[in-house]
Amino acid sequence: TASIVRDPNKCIQCSRCIRVCSEIQSVGAIEFVNRGGRTQVLTFFNKGLNNVECTTCGQCILACPTGALREKTEVDNVWEAISNPKKFVVVQTAPAVRAAIGEEFGMRYGAVVTGKLVSAIKRLGANQVFDVAVGADFTTVEEAEELIERIKKPASLPMLTSCCPAWVKFVEFFYPQFIPNLTTVRSPHIILGGLIKSYWAKNQGIDPKNIVVVSVMPCVAKKYEIERDELKIDGRKVVDFVLTTREMAWLLKKHKINLNTITPQKPDNPLGIPAGAGVIYGASGGVMESALRTACRRLGGKGLCPLEFKEARGMKGIKKAVVNMGTKELRLAVISGTGNAREVLEELKEDPRAYHYIEVMACPGGCIGGGGQPLPTSEAI
C-alpha cells in the first residue's frame with residue numbers, strides 16, 4: 001500500500017501481527033495460509049488499498065518483533081526535495097510527535113521537545129517549520145460549526161469525527177451506511193497543507209508548484225491519506241510527503257543531529273503558534289473536547305460552558321458520557337482502537353439515536369499510540 005510494506009524473509013510466523021489486526025483492531029487484513037512447514041503469513045497489502053480491509057493503521061508494525069513489517073519510507077524523497085535549491089520545503093509537525101520523538105534520543109518517555117525538533121528540522125535544511133496543531137485549531141472551529149448544524153437537523157446525527165484516515169477507511173469498508181455521519185471537515189495536516197499552498201504561498205509570493213510540504217506524523221495511515229483524490233486541490237496534493245516519527249528520528253541521526261544537545265527555537269509565524277485546542281489532538285478525546293468547548297459557546301452557553309470536558313480524556317478504549325452544553329444535553333462516545341469502534345457501531349445499528357457525537361481514533365490512546373511512533377512500545381509507555 002501507500003503506507004505499509006512487508007519483507008517475508010524476516011517473518012518468523014509469530015502471529016503477533018495477525019492477532020493485533022484481527023483480535024484487537026477487528027480488521028483481519030493479515031492471516032495464516034497452508035499448514036505445517038508450508039505455513040505462511042498472507043497480507044492483502046498488494047491488492048490495492050480500496051479493495052481490501054486494511055486500514056493502514058500500522059498497529060501490525062508495532063507488534064512485529066523482527067521488522068518484517070514497516071512503513072513505506074519517503075525519507076529519500078524528502079531529502080531530495082531539501083537538496084533541490086529550486087524547492088521551498090515546509091515541514092509541519094503533529095502534536096503527538098513532540099511528545100514521543102525524544103525517546104529515540106534516550107530522553108524520558110513523554111518528554112516534550114517542540115523547540116528542539118524545530119531547530120533540528122531547520123538544521124536539516126528545511127525552509128520553514130510550522131505546527132500541525134494550528135491546522136487542528138481550524139479543524140476545531142469547523143467541526144464545532146458542523147456539530148451545531150447537525151444538532152439543528154437531528155436526522156444527520158450522530159456526527160462521527162474524520163481526523164483519523166484509518167478510522168475513515170474502516171467505516172468505508174465495514175460500515176458504509178455510516179459514511180454520511182462522518183464530519184466533512186478535513187484532518188489538521190491536510191487543512192494546513194492547503195493553507196500553505198494557497199494563502200501562505202500567495203502571501204509570501206511563492207509559486208505553490210515550488211513548495212514541498214512534508215508532514216511529520218505519528219501515523220502511517222497519513223501516507224495513504226495524502227493520496228486520496230478528494231483531498232487534492234486542483235489535482236495537486238496539498239501534502240507531498242509524510243514521514244513517521246521513526247523516519248524523522250532516523251533522518252536526524254543519519255545527519256548526526258542530536259535532540260539532546262541542540263538549542264530550541266520556536267516554529268515559524270504565522271502558522272506555528274497554536275491554541276490549546278489544537279495541541280490536545282494528540283490524545284484520545286482531544287478532538288471532541290476542543291470542538292465541544294467551541295460549540296458550547298456558539299450555542300450561547302458562555303458562562304454555562306465548562307473549561308474542560310474531562311469525560312473525553314484517558315486511555316480507556318470506550319468512554320461514554322452525557323454532558324451539558326449550555327442549554328443542550330449531548331450523549332457522547334470517545335473511542336480508541338477500531339475493535340472498540342466496531343462495538344459502538346454495532347450498537348448504533350440497533351439504536352441510531354444512542355449518541356449525538358462520536359470521536360474515534362484507530363490507535364490505542366489516540367495518535368500518541370500511532371503506528372509510526374518509536375519502538376518498542378507498550379501500554380505503560
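A search of the whole structure turns up 0 disulfides, a disulfide being a pair of cysteine sulfur atoms within 2.5 Å. Cys17 takes part in none, and its nearest cysteine sulfur, in Cys11, is 6.2 Å away. Cys57 has its closest cysteine sulfur in Cys363, but at 5.4 Å that is too far for a bond. As background, a disulfide is a covalent bond between the sulfur atoms of two cysteines.

Before going on, please note that this is a predicted model, where local features need pLDDT of at least 70, side-chain atom pairs count only at pLDDT 80 or more, and totals for chains, interfaces and linings use all residues. Residues are numbered from 1 along each chain as its sequence is written, and side-chain values use heavy atoms, with hydrogens and water left out.

The table gives the relative accessible area of some residues. Buried means under 20%, exposed over 50%, and partly exposed in between, with a 1.4 Å probe and protein chains only.

| Residue | Relative accessible area | Class |
|---|---|---|
| Cys17 | 11% | buried |
| Cys57 | 10% | buried |
| Phe170 | 0% | buried |
| Phe174 | 24% | partly exposed |
| Thr183 | 5% | buried |
| Gly370 | 3% | buried |

**Aromatic rings**

How many aromatic pairs does a search of the whole structure find? There are 7. Rings of Phe, Tyr and Trp (its six-membered ring) pair if their centres lie within 6.5 Å; planes under 30 degrees apart count as stacked, over 60 as edge-to-face and the rest as tilted. Phe170 and Phe174 have ring centres 4.9 Å apart and planes at 45°, so this pair is tilted. These two residues are 4 residues apart in helix H7, so about one helical turn separates them. Helices (H or I, at least four residues) and strands (E, at least two) are DSSP runs, numbered from the N terminus.

Phe170 is buried, at 0%. The rings of Phe170 and Tyr175 are also tilted, because their planes are at 40°, with centres 6.1 Å apart. One aromatic cluster is formed by Trp167, Phe170, Phe173, Phe174, Tyr175 and Phe178.

Charges meet rings here too. The charged end of Arg342 sits over the ring of Phe174, 4.7 Å from its centre, and that of Lys253 sits over the ring of Phe105, 5.5 Å from its centre. To count, NZ of Lys or CZ of Arg must be within 6 Å of the ring centre and within 35 degrees of the ring normal.

Where is Thr183 found? Thr183 is in the loop between helix H7 (165-174) and helix H8 (188-204). Contact means heavy atoms within 4.5 Å. Leaving aside neighbours within four places in sequence, the contacts of Thr183 include Glu143, Arg150 and Leu160.

Gly370 lies in the segment after strand E12 (357-361). With neighbours within four places in sequence again left aside, Gly370 is in contact with Gln59, Leu62, Pro218 and Cys363. Gly370 and Val171 are 199 residues apart in sequence, and their C-alpha atoms are 18 Å apart in space.
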